[in-house]
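The sequence and structure are shown first.

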Amino acid sequence: MNVFSTPVADSPGDVLQKHGGHRPNITERPADKYKALTRNQLEAISEYGNVTDDDLFAMRVVSAVLPFRTNRYVIENLIDWNRIPDDPVYKIVFPQRGMLEDDDFRRIADLLLREVPVQEVAQAATKIRNRLNPHPAGQQDLNVPRTDGDAFEGLQHKYRETVLFFPSQGQTCHAYCTFCFRWAQFIGEEELKISSKDAVGLHRYLAARPDVSDLLITGGDPMIMKTRVMEGYLRRFVDDPALAHVQNIRIGTKSLTFWPHRFVNDDDADDLLRLLDDLVRSGRHIAIMAHFNHWQEMRTDVVHEAIRRIRNTGAVIRSQAPLLARINDNPDVWAQMWREQVRLGIIPYYMFVERDTGPRQYFEVPLVRCWETFRGAIQQVSGLGRTVRGPSMSATPGKVEVTGVQEVAGEKVFVLRFLQGRVPDWVGRPFFAKFDPEATWLDQLEPAFGQNSFFFEDELRLLTSKEGLA
């Protein structure tokens, strides 16, 4: 049963009144009109102080390889410019020198200093990107289903219950995270992009698969889309009986950090809330999968208002984030963030291990430290915050949680288990890996107790072989 601040109403006017009766004039600097800042406007940040010429040059070098985009809401409300370069949101948004390996940095820097043609810089950048594992965990090779012999581009179906859909109009963001594992979506190389405009194909695919209970609209950031575009993908779930088995609709977004005005002051913010309201009334569980990396992202009045308005539709907000070196690799940061999320009505959901892609060497944290950070944080929150799971690796076989470090039969081991798997029977099964204090990802671990392989590896090889995929 949904709980609203005012009685549920039928008319659009009454629904709007339920969401506050008006668009609150909540505007920290700047005004509530979105405008992106890209690589060509990097010099604009120098007005905020403490940004040196060397800093700006390093940003130009790194952003020639990895995508960069932000906006004035972020830089004027979320960053403490007296703390840079150590401010966490600054590192989330602005490229840093260490995000490229030294040889790669010097190569691009030399090209920029010599003012070579843009095409030469682009070619060098492409060679670097190709070494950065642009699509980890089989995103393009293993997760894309085939219908009538053809790949359904823009859709992924890795787990039985859950389908991911990448609407082409949502394959950018209000700002880019420097650590984003989907950075390849944003660099302009079409062969690396996952996207589709085929709403009809999506609905047909789901209608034919009654085992699918969950649809995740992802990106990029779907909240970059206008509501009328999102309607084209989601409106049919309100009243189409062929889609009745799809009970849970998730929308992955960083907009509550990067542009909370999307739910408050954007021209179609109220239309978006009505859509969420209609989906909830249809009996669906609507989950806004919010990406928060630090409590600092939740301190403005407008994000508080955005959260309130979303919750008033009956939609649930769940939070997830990777553990990142230099940004949130501290249990106190996570504990404070989870406590604040619970206070605001957000459900802590996942702590992820930073994926093995992009500038991983800058952000990755050894698995043992991930577990220690999670354990240190979870001890500081009440049961309402202990809904969070992790630290979890979204690896090729599935989501693998580091449950702990123990000594078993005289051997120090990682205790692991599947939270989700390509094969449903793997889920919930514990397994053990030799303790390795330097390991940062599943493929760096070895089986414990003299075993030759982990229990799932033979079946995984079959699934991922050409015969298994045919």
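Two strands count as paired if DSSP finds at least two bridges between them. Helices (H or I, at least four residues) and strands (E, at least two) are DSSP runs, numbered from the N terminus. The model is predicted, so local features need pLDDT of at least 70 and side-chain atom pairs count only at pLDDT 80 or more, while totals for chains, interfaces and linings use all residues. Residues are numbered from 1 along each chain as its sequence is written, and side-chain values use heavy atoms, with hydrogens and water left out.

An open sheet of mixed pairing is formed by 11 strands, in the order β5-β6-β7-β8-β9-β10-β11-β12-β13-β14-β15. Its edge strands, β5 (155–159) and β15 (430–434), each pair on one side only. Within the sheet, β11 (residues 347–353) and β12 (residues 389–394) run parallel and are joined by 2 bridges. Phe352 stands opposite Ser392 in β12.

| Helix | Strands | Angle |
|---|---|---|
| α8 | lies across β6, β7 and β8 | about 145° to β8 |
| α12 (residues 331–344) | touches β10 (316–323) and β11 | about 150° with β11 |

In α8 (residues 227–234), Thr227, Val229, Met230, Tyr233 and Leu234 are buried, that is, under 20% relative accessible area (1.4 Å probe, protein chains only). Seen down the axis of α8, these buried residues fall within an arc of 155°, so they line one face of the helix; the arc is that of the directions from the helix axis to the C-beta atoms. They pack against elements including α7 (199–207) and α10 (269–281).

Terms used
Buried < 20%, exposed > 50% of the residue type's maximum accessible area, 1.4 Å probe, protein only. Contact = heavy atoms within 4.5 Å. Axes fitted to C-alpha atoms, helices over the stretch in contact; angles between N-to-C directions.
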